[in-house]
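Open the model in your viewer and keep the selection tool ready. This tour goes stop by stop, saying what to pick and what is there.

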Amino acid sequence: MTTMFVRHTVSNYKTWREAYDDFAPVQKAKGVTAEAVYRAVDNPNDITVTHEFATIEAAQAFAESSELKNAMQNAGVAGAPTIWFTNKA
């Protein structure tokens, strides 16, 4: 199992969350098996998201997909996200 972490700042959490929730069918179609959203304690617009995948290849393909990039832009993500991948030990 591979977990992809994404951290970014959003312009407005409520707007971002609605777009994120609307994107769930695409996540599932692209191999996301589980996901979670976290907000920083000191800045509610500082978001970290995790997505779990069966393989690193599926995670990387999702991260590089035009659908994800468009969804992030339309949801109000400010600046470039920080993305990293881990394998459960």
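Start with what covers the buried residues of helix α1: the cover includes β1 (2–10), α2 (24–29), β2 (34–39), β3 (46–53), α4 (66–75) and β4 (77–87). Buried means under 20% relative accessible area, exposed over 50%, and partly exposed in between, with a 1.4 Å probe and protein chains only. Helices (H or I, at least four residues) and strands (E, at least two) are DSSP runs, numbered from the N terminus. Contact means heavy atoms within 4.5 Å.

This is a predicted model: local features need pLDDT of at least 70, side-chain atom pairs count only at pLDDT 80 or more, and totals for chains, interfaces and linings use all residues. Residues are numbered from 1 along each chain as its sequence is written, and side-chain values use heavy atoms, with hydrogens and water left out.

**Stop 1: helix α1**

Select residues 13–22, which make up α1. Show the side chains of Y13, W16 and Y20; these are buried. Now look down the axis of α1. Its buried residues fall within an arc of 65°, so they line one face of the helix. That arc is taken from the directions from the helix axis to the C-beta atoms. Turn to the face of α1 that points away from the buried side. It carries the exposed residues K14 and D22.

Next, pick N12. What does N12 do at the N-terminal end of α1? N12 caps that end: a side-chain oxygen lies 3.0 Å from the backbone nitrogen of K14.

**Stop 2: the sheet**

Colour the strands. An open sheet is formed by 4 strands in the order β2-β3-β1-β4, and the pairing is antiparallel. Two strands pair if DSSP finds at least two bridges between them. β2 and β4 are the edge strands, each pairing on one side only. From one strand to the next, the twist averages 15°.

Walk across the pairs:

- β2 and β3 pair in the antiparallel sense over 6 bridges. Select E35 and you will find H51 of β3 opposite. Select R39 and the residue opposite in β3 is I47. A hairpin of 6 residues joins β2 to β3.
- β1 and β3 run antiparallel, joined by 8 bridges. V6 has V49 of β3 as its bridge partner.
- β1 and β4 also run antiparallel, again with 8 bridges. V10 has V77 of β4 as its bridge partner.

Stay on β3 for a moment. This strand is mostly covered, with 6 of its 8 residues buried.

**Stop 3: helices α3 and α4**

Select residues 56–64 for α3. Where does α4 sit relative to it? The two helices pack at an angle of about 50°, with their axes 5 Å apart. α3 and α4 are therefore oblique to each other. Angles under 35 degrees count as roughly parallel, over 145 as roughly antiparallel, 65 to 115 as roughly perpendicular and the rest as oblique. Axes are lines fitted to C-alpha atoms, for helices over the stretch in contact, and angles run from 0 to 180 degrees between N-to-C directions. Show F62, A63 and E64 of α3 with S66, L68 and K69 of α4; these residues make the contact.

Bring the strands back. α4 lies across β1 and β4, running at about 135° to β4.

**Stop 4**

Pick H51, in strand β3. Its relative accessible area is 4%, so H51 is buried. A polar contact of 3.2 Å joins the side chains of H51 and Q27. A polar contact is a pair of N or O atoms within 3.5 Å; within protein, one must be able to donate a hydrogen and the other to accept it, and residues adjacent in sequence count only if both atoms are side-chain atoms. Not counting residues up to four places away in sequence, H51 touches several residues, including M4, Y20, V32 and F62.

Finish at V32, in the loop between α2 and β2. V32 is buried, with a relative accessible area of 12%. Leaving aside neighbours within four places in sequence, V32 is in contact with Q27, H51, E52, F53 and F62. Then select K69: its C-alpha atom and that of V32 are separated by 16 Å, and the two residues are 37 apart along the chain.
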